[in-house]
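Here's a quick briefing to read alongside the model. Have the sequence and the 3D view open as you go.

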Amino acid sequence: MLHYQPKVTLRTGKIASVEALLRWNDAENGLMQPTTFLPILESAGLMAAVGAWVLRQAAADCRHWRSLGSSPIRVAVNVSPPELRRRNFVREILQSIGDLAGDSGWGVDIEITEGALFGDSSSCVHALRLLRAAGMRVAIDDFGTGFSSLGRLSELPIDTLKIDRMFTSRLPGDRKSCTLVTTIIGLAHAFDMTTVAEGVENQAQLDYLIREGCDESQGYLHSRPLPRGELERLLGFSGSAAALGGALHGNAAFASEAAPRARRSAV
Ligand code: G
Ligand code: MN
């Protein structure tokens with residue numbers, strides 16, 4: 001099943017996109033995290049099939065939300081390097097997103113790790129150019145943990161850098177992490193890219209990111225990854241105000257008056 005974790009646009013306080021995250025609901029073990037089940041799928045040769053399912057499901061959910069007439073939401077899916085290298089990947093992805101490709105507000109985007117793009121990657125870069133031409137946006141996941149060449153970064157077809165949660169978690173107390181985060185934001189903007197901070201868990205981290213001009217924020221402070229129905233209640237797509245309150249229960253940012261920006265995204 002897919003869970004969706006909201007990303008909050010810091011300028012508006014609204015949720016304009018969500019990240020689709022794969023979860024495995026096992027009869028014996030309950031909800032399993034990707035680190036547990038991805039290696040199993042990989043060794044069974046099922047990664048490509050699962051990747052294709054994720055794309056189809058994310059696109060179908062996005063289309064469903066569009067049909068409800070709400071304000072636009074983009075859905076990002078994680079694509080693994082082997083998938084990106086697959087011969088028919090671009091054709092398959094464009095097939096599964098269909099008419100969402102041409103929609104400016106709605107749409108499906110992809111997240112890839114740094115490793116997929118550096119090294120021998122001309123075919124990946126070509127694939128990304130085709131996807132962007134179809135209106136998809138491309139983000140680098142966990143940015144700062146790999147060994148990117150900064151020269152190369154300026155030439156790549158990338159829209160967004162996602163700041164790894166290891167750096168976010170050390171804000172604002174650790175001087176080196178602060179410098180890294182500020183530098184990544186500056187670098188991204190200089191290259192006409194946007195930034196998303198991953199793993200934002202408290203208000204002090206959010207304050208630092210807002211002050212430094214980070215574009216979006218994602219993490220438990222706003223919301224954990226949610227099953228589709230809970231996300232819909234959070235976004236106000238269905239259900240009553242009481243249900244909305246339930247979805248937000250125990251969530252520091254939404255519950256606190258001290259966080260009016262994040263709060264606005266819920267209403
Ligand atoms: O690599 P990627 O950034 O796609 O990984 C996302 C994972 O991080 C998800 O499995 C999600 O459950 C987890 N996650 C999301 N937000 C937070 C957070 O604020 N803190 C921590 N520790 N983990 C988070
Ligand atoms: Mn991701």
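By class, the shell around ligand 1 splits into four nonpolar, four polar and five charged residues. Keep in mind that this is a predicted model.

**Ligand 1**
- There are 13 residues around ligand 1, and the ones that come nearest are Glu198, Gly199, Glu201, Gly219 and Tyr220.

- In soluble globular proteins, nonpolar side chains tend to be buried together.
- Here, the largest nonpolar core runs to 59 residues, with Ala58, Cys62, Val75, Val77 and Val108 making the most contacts inside it.
- Helix α2 (residues 47–67) is the top contributor to this core, giving five residues.
- Take valine 108: leaving out residues up to four places away in sequence, its contacts are Ala58, Ala59, Cys62, Val75, Val77, Ile97, Leu100 and Met136.

**Helix α9**
- Helix α9 (residues 203–211) has Gln205, Leu206, Tyr208 and Leu209 as its buried residues.
- These sit on the same side of α9, because they cover an arc of only 160° around the axis.
- What do they pack against? The buried residues of α9 pack against α7 (165–169), α8 (175–190), β9 (194–197) and β10 (216–217).
- Glycine 213 follows α9 and has a positive phi, near 85°.

- Most residues other than glycine have a negative phi, and most peptide bonds are trans.
- Aspartate 142 has 20 other C-beta atoms within 10 Å, so it counts as buried.
- Aspartate 192 also isn't a glycine, yet its phi is positive at about 60°. You'll find aspartate 192 in the loop between α8 and β9.
- Buried or exposed? Aspartate 192 counts as exposed, because it has 9 C-beta neighbours inside 10 Å.
- The peptide bond from leucine 171 to proline 172 is cis, with omega near -10°, and proline 172 lies in the loop between α7 and α8.

**Glutamate 230**
- Glutamate 230 belongs to helix α10 (residues 228–234).
- With 18 C-beta neighbours inside 10 Å, glutamate 230 is classed as partly exposed.
- Glutamate 230 and histidine 3 are 227 residues apart along the chain, while their C-alpha atoms are separated by 9.4 Å.

Note on methods:
Residues are numbered from 1 along each chain as its sequence is written. Chains are lettered from A and ligands numbered from 1 in the order in which they are written. This is a predicted model: local features need pLDDT of at least 70, side-chain atom pairs count only at pLDDT 80 or more; totals for chains, interfaces and linings use all residues. A residue is near a molecule or strand if its C-beta atom, placed from the backbone, lies within 6 Å of it. Ala, Val, Leu, Ile, Met, Phe, Trp, Tyr, Cys and Pro count as nonpolar, Asp, Glu, Lys and Arg as charged, and the others, Gly among them, as polar. Helices (H or I, at least four residues) and strands (E, at least two) are DSSP runs, numbered from the N terminus. A residue is buried if 20 or more other C-beta atoms lie within 10 Å of its own, exposed if 12 or fewer, and partly exposed in between; C-beta atoms are placed from the backbone. A nonpolar core is a set of buried Ala, Val, Leu, Ile, Met, Phe, Trp, Tyr and Cys residues joined through C-beta atoms within 7 Å. Two residues are in contact if their C-beta atoms, placed from the backbone, lie within 7 Å. The arc is that of the directions from the helix axis to the C-beta atoms.
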